[in-house]
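Please look over the model below with its pocket and its charged side chains in mind. The report after it takes these two topics in turn.

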Amino acid sequence: MPTIRPWDAAPLRRAFAGLDPAGLAQEWLRHNPAYRRDHAATMTTGKVDAEAWRAFARRWGGGRRFPCRP
């Protein structure tokens, strides 16, 4: 991600221009330290635990719909 000054959002707009709302949300989550820790903790269970993944998705907005522009 490019380094930007707080008053200059143009580089940020260019960096995320090709993302749909879900992609943009995922990009921001990917940079969230709490999300990264929670994801790592869920991954360390050693097996695929469907309930653990459902709980993870609920905590981080799984299933939410983002409004789209017409």
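Predicted model: local features only at pLDDT ≥ 70, side-chain atom pairs only at ≥ 80, totals over all residues.

Residues are numbered from 1 along each chain as its sequence is written, and side-chain values use heavy atoms, with hydrogens and water left out.

**The pocket**

The largest pocket has a volume of about 150 Å³. On a 1 Å grid over the protein atoms alone, a pocket is an open set of points where a 1.4 Å probe fits, with protein on both sides within 12 Å along at least five of seven lines, and lining residues have an atom within 4 Å of a point; the volume is the space filled by probe spheres set on the points, which are joined across faces, edges and corners. The lining consists of Leu12, Arg13, Phe16, Ala17, Leu19, Asp20, Pro21, Leu24 and Trp28, and it divides into seven nonpolar, no polar and two charged residues (Asp, Glu, Lys and Arg count as charged; Ala, Val, Leu, Ile, Met, Phe, Trp, Tyr, Cys and Pro as nonpolar; the others, Gly among them, as polar). Helix 1 (10–15) and helix 2 (21–30) each supply at least two lining residues, helix 2 giving the most, with three; helices here are DSSP runs (H or I, at least four residues), numbered from the N terminus.

**Salt bridges**

The whole structure holds four salt bridges, each defined as a side-chain nitrogen of Lys or Arg within 4 Å of a carboxyl oxygen of Asp or Glu.

Glu27 and Arg30 both lie in helix 2, three residues apart, about one turn of the helix. Glu27 is buried at 17% relative accessible area, whereas Arg30 is partly exposed at 39% (buried is under 20%, exposed over 50%, partly exposed in between, with a 1.4 Å probe and protein chains only). Glu27 also touches Phe16 and Leu19, not counting residues up to four places away in sequence, contact being heavy atoms within 4.5 Å.

Asp38 lies in helix 3 (residues 33–43) and Arg59 in helix 4 (residues 50–59), so the pair ties together parts 21 residues apart in sequence. Asp38 is buried at 16%, and Arg59 is partly exposed at 47%.

Glu51, Arg54 and Arg58 are linked in a network of salt bridges, in which Arg58 is exposed at 53% and Glu51 partly exposed at 39%.
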